[in-house]
Amino acid sequence: MSTARGEFSSRFGFLMAATGSAVGLGNIWGFPTNAASNGGAAFLFTYVILAFVMAYPAFMAELIIGRYSKSNAVTALRGLATSPGAARVGAGVGFAGMITVTLILSFYAIISGWMLAYMFAAMTDIARLESASTWLTQSGTTRDAVFAGIFYLLTIYIVVAGVKNGIEKWSSRLMPSLYLILIILIVYVLTLDGAMEGLRMYLVPDFSRVADPQLILSAMGQAFFSLSLGVGTMLIYGSYVSKKENLPAIGGMVTVLDMSVALLAGLLILPAMSVAQLNGIQIYDEQGALIAGPALITSVLPALFDQMGDGGILVALAFFALMSIAALTSSISMLEVPVAYFVEDRGVSRRKAVIVLGAVAASVSMVIIWNFGLMFDWVVRLTTEFSQPLLGFFFAIFAGWVWNRNALLTEIKQGYPEAESGLFWRIWPWYIKFVCPLIILAVYIQLII
Ligand code: TRP
């Protein structure tokens, strides 16, 4: 039980780890296609606003609670409570978060496995191993199971090594490469014929859509998923932050970095799609909607890379490496949530906790793979549309109503002594108390209707 807790060794390490968690398939795939299907820049505009007024405050709640309690979500929320009833609710929210994030990992690993398979396919293309490439890019339960399995092994390998030598080390290596690959791909794609049309689709707003409830709903879900909120991921990362850091400032940096990758990904994906269209590749489905689901990544873009000839193989390699990196720095943050609980509260060794919990999540993935049509969408919607906002609501209630205000201020003042006179303290407490819960509730009610 009394093993020393992990801590990020530097601000850069925390920034890379937290940004690594936040930046994932949600940014590079979810955001651009959501934007394209929801009025382009109108979505972008709503998303940016929601990210600051909604997601950033909720993110701060998790970071502050985490650093204050220096523990996992179950213990942290239980500790904030002042009555036995509230303590039970707190522990329940922590547990529900652990289950939710394990389910998120179980579908995330399947998609991530596809990204790995396509990355390998680019390599077998280079080696002219045609039948291997065909197997790798054809959907099938065996392929899905093998590559989800490989993805789990990578995730487990990093998380076993701990906070500093695993999560921080690998995030600090992988995230800068991610930015670099992303920029190179954007520059390249923007030089291709037809790219400007995609840019227009992305950047010219259809303002008639701004007040559309569906757009607001999607933008909010996107912001929530993208900052990894509601399940204790950011709480646990916050618990590894040194008391010397100014939390509102570093939380703001993570929000901006996360948003920047989403906005940049839009500059890559949408122009790539219009280039594909110009080359005769179908980018709209029968209903006239832009192809946005798995088919975008597994058929539209690969068809485009194919047409580029040999150079296209390198572009494909870079693109799927980008996706795999983004996915891996996110999945490690998911697995860390239950791991931290079992290590700290149950006295299980890290190694054992990581392997057993990784195996549990992998088993759930296998069940989903073999019942894909039945389960996949359902698990995605249950966790991201239902659980995440609901749990985010409880986090806001704990930070705004349950937790003692003086203790809260004392915590923020660590690393930010002049907090009381700053803008953050003037706005945020009020915000997390009223605005965040109300917005989440409103969206949530809309969802069930
Ligand atoms: N934010 C990541 C993305 O955009 C995914 C992610 C990581 C996540 N940890 C999470 C989502 C916890 C929900 C909960 O892809």
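Tutor: Thr-19 has its place in helix 1 (residues 11–22); helices here are DSSP runs (H or I, at least four residues; strands are E, at least two), numbered from the N terminus. We're looking at a predicted model, where local features need pLDDT of at least 70, side-chain atom pairs count only at pLDDT 80 or more, and totals for chains, interfaces and linings use all residues. Residues are numbered from 1 along each chain as its sequence is written, and side-chain values use heavy atoms, with hydrogens and water left out.

Student: Why is Thr-19 called buried?

Tutor: Buried means under 20% relative accessible area (exposed is over 50%, partly exposed in between; 1.4 Å probe, protein chains only). Thr-19 has 1%, so it counts as buried.

Student: What makes Phe-14 a contact of Thr-19?

Tutor: Contact means heavy atoms within 4.5 Å. Leaving aside neighbours within four places in sequence, Thr-19 touches Phe-14, Met-175, Val-254, Leu-257 and Asp-258.

Student: Which residues have the most contacts inside the largest nonpolar core?

Tutor: Phe-14, Phe-319 and Trp-428, in a core of 169 residues. The largest share, 21 residues, comes from helix 5. A nonpolar core is a set of buried Ala, Val, Leu, Ile, Met, Phe, Trp, Tyr and Cys residues joined through side-chain atoms within 4.5 Å.

Student: What makes a set of grid points a pocket?

Tutor: On a 1 Å grid over the protein atoms alone, a pocket is an open set with protein on both sides within 12 Å along at least five of seven lines; in a cavity, a 1.4 Å probe fits but cannot get out. The volume is the space filled by probe spheres set on the points, which are joined across faces, edges and corners. For the largest pocket that comes to about 1200 Å³.

Student: What makes a residue part of the lining?

Tutor: An atom within 4 Å of a point. For the largest pocket, 33 residues qualify, with Asn-34, Gln-222, Val-380, Thr-384 and Glu-385 nearest its centre.
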